Amino acid sequence: MKLYNIKENDEQVSFGQAVRQGLGRNQGLFFPSELPKFDDIDALLAEDFVPRSAKILSALIGDELPAEKVYELVNNAFQFPAPIKQVKDGVYALELFHGPTLAFKDFGGRFMAQSLAAVSDGGKITILTATSGDTGAAVAHAFYGMENINVVILYPKGKISPLQEKLFCTLGKNIHTVAVNADFDACQTLVKHAFDDAELREQVGLNSANSINISRLMAQICYYFEAAAQMSKAERENLVISVPSGNFGNLTAGLLAKALGLPVKRFIAATNANDTVPRYLQTGKWDPKPTVATTSNAMDVSQPNNWPRIEELCKVQGWGLETLGKGAVVEDAQAAESVRDLNELGYLCEPHGSIAYRVLEEQRQADETGLFLCTAHPAKFKEVVDDILGSDIELPAPLAKHAAMDLLSLNFDNDFAKLRELLIKVQQA
Ligand SMILES: *Cc1c(COP(=O)(O)O)cnc(C)c1O
């Protein structure tokens with residue numbers, strides 16, 4: 001597999017390099033030089049999730065990794081299903097929250113962890129990341145128990161939900177969590193500081209495992225095929241997919257699935273009040289505003305970092321921006337209303353998914369099959385959902401299990417020297 005840097009096209013890397021480096025020069029994102037195309041989609045869709053996903057990813061990765069190796073990575077990563085549920089005539093929810101941290105980020109996080117282990121030179125790696133909640137959990141669970149890889153996660157003490165904290169700060173082994181007496185931005189600054197320290201970076205094999213890594217997107221392509229595979233041929237050939245978007249990784253993966261041959265009529269970019277993209281699709285002007293806090297906080301992003309990949313893909317495929325539908329914005333009150341609407345249809349959903357549902361219902365034509373992505377388990381946003389529905393929803397098993405365990409986090413002040421010391425200690429252990 002060859003990839004190029006979107007900003008500096010002469011920088012070309014292999015899959016392994018792209019996974020290890022994350023970003024290219026000048027903060028440029030990597031993009032595949034060639035996309036395979038599957039001609040017999042029906043045959044591909046007839047296969048089971050894991051073998052089909054291995055086939056798709058192997059076609060992308062090419063001869064850099066043997067097909068059996070790719071199968072093994074996929075099999076280790078995708079140990080939970082991605083079912084569709086019919087919520088009404090012609091409308092399906094794609095449930096991406098059956099993994100260990102109950103959000104779609106488990107697919108990308110776990111495949112990335114597997115890929116990184118597969119392409120590393122055997123030296124020790126230290127994953128360092130700052131989290132305001134969800135990403136940290138997905139990364140921690142994805143790398144848990146892996147040999148030669150340590151994970152250090154910083155988070156702002158007292159500023160993430162107690163349940164979120166329990167989910168990733170109770171693991172132990174190679175997962176080290178630190179509650180920093182500061183806010184999220186300070187945690188991010190500490191991480192940047194570490195990456196700027198060339199000696200430290202080298203000594204501990206620092207890697208960020210962040211969300212722009214191409215391996216994550218590649219994994220996410222697979223569940224779009226899995227959704228279509230669960231529909232009848234007639235249904236999937238008139239398919240419109242609504243994606244609740246923040247950094248636009250999920251939508252990028254959907255568009256890549258289309259480029260590989262999945263018949264999708266169009267996508268809908270649904271956002272909350274952080275509406276940079278819908279405004280852009282309407283006006284042609286890229287004009288980010290300050291980020292605002294909403295009840296769908298995993299989508300509180302005003303400068304989506306995957307957008308350049310979407311533009312690049314549309315360019316190389318010759319697609320107009322209408323492939324992205326009109327885009328649409330859903331405010332908190334409307335998202336809540338749609339949570340109630342879905343509940344009346346007998347489907348429990350949290351606000352990220354309900355935003356996608358709402359826009360789908362606004363834009364879908366009667367003869368089209370609609371699919372909306374449910375990116376998190378409703379219990380992950382229990383406070384919001386209970387508040388909207390007046391309910392007391394149950395914690396699913398993985399959350400309940402961690403909720404009962406002891407926190408193992410270290411605690412320190414916003415002090416780089418402390419972090420440096422910890423990284424070296426962890427590496428030497
Ligand atoms: C990360 C996240 C999103 C946004 O996905 P992007 O790929 O960043 O657009 C939506 N919903 C949930 C629950 C998330 O965790």
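Met146 is in contact (heavy atoms within 4.5 Å) with Ala113, Gln114, Ala117 and Asn174, leaving aside neighbours within four places in sequence. This residue is found in the loop between helix H6 (134-143) and strand S7 (149-156). Helices (H or I, at least four residues) and strands (E, at least two) are DSSP runs, numbered from the N terminus. Met146 counts as buried, because its relative accessibility is 16%. Buried means under 20% relative accessible area, exposed over 50%, and partly exposed in between, with a 1.4 Å probe and protein chains only. The C-alpha atoms of Met146 and Ile175 are separated by 9.7 Å; the two residues are 29 residues apart along the chain.

The model is predicted: local features need pLDDT of at least 70, side-chain atom pairs count only at pLDDT 80 or more, and totals for chains, interfaces and linings use all residues. Residues are numbered from 1 along each chain as its sequence is written, and side-chain values use heavy atoms, with hydrogens and water left out.

**Ligand site**

Around the ligand there are 15 residues, of which Lys105, Gly246, Asn247, Phe248 and Thr375 come nearest. A residue is near a molecule if one of its heavy atoms lies within 4 Å of it. By class, the shell has six nonpolar, seven polar and two charged residues. Here Ala, Val, Leu, Ile, Met, Phe, Trp, Tyr, Cys and Pro count as nonpolar, Asp, Glu, Lys and Arg as charged, and the others, Gly among them, as polar.

| Residue | Protein atom | Ligand atom | Distance |
|---|---|---|---|
| Gly246 | backbone N or O | oxygen | 2.7 Å |
| Gly249 | polar backbone atom | oxygen | 3.1 Å |
| Thr375 | side-chain N or O | nitrogen | 2.8 Å |

The protein covers 95% of the 380 Å² of accessible area that the ligand has on its own. Accessible areas come from the Shrake-Rupley method with a 1.4 Å probe; for residues, only the protein chains shown count as cover.

Glu95 lies in strand S5 (residues 91-95). Its relative accessible area is 5%, so Glu95 is buried. Which side chains does Glu95 join by polar contacts? One is Lys85, at 3.0 Å. Another is His98, at 2.8 Å. A polar contact is a pair of N or O atoms within 3.5 Å; within protein, one must be able to donate a hydrogen and the other to accept it, and residues adjacent in sequence count only if both atoms are side-chain atoms. Beyond four places in sequence, Glu95 touches Pro81, Ala82, Pro83, Lys85, Tyr347 and Cys374.

Thr369 sits in strand S13 (residues 369-374). Thr369 counts as buried because its relative accessibility is 7%. Its contacts, neighbours within four places aside, include Gly90, Tyr92, Met231 and Arg364.

**Two positive phi values**

Asn26 has phi near 55 degrees, a positive value in a residue other than glycine. For Gln27, also not a glycine, phi is near 60 degrees. Asn26 is found in the loop between helix H1 (15-21) and strand S3 (30-32). Gln27 is found in the loop between H1 and S3. Asn26 counts as partly exposed at 49% relative accessibility. Gln27 counts as exposed at 59%.

**Annotated domains**

An unreviewed UniProt entry gives "domain: Threonine synthase N-terminal" for residues 8-78. That span is 51% helix and 8% strand, and its end C-alpha atoms lie 34 Å apart. The UniProt annotation "domain: Tryptophan synthase beta chain-like PALP" (unreviewed entry) covers residues 85-368. Residues 85-368 are 45% helix and 16% strand, with end C-alpha atoms 16 Å apart. UniProt positions are in the numbering used here, feature names are shortened, and annotations may be inferred rather than shown by experiment.
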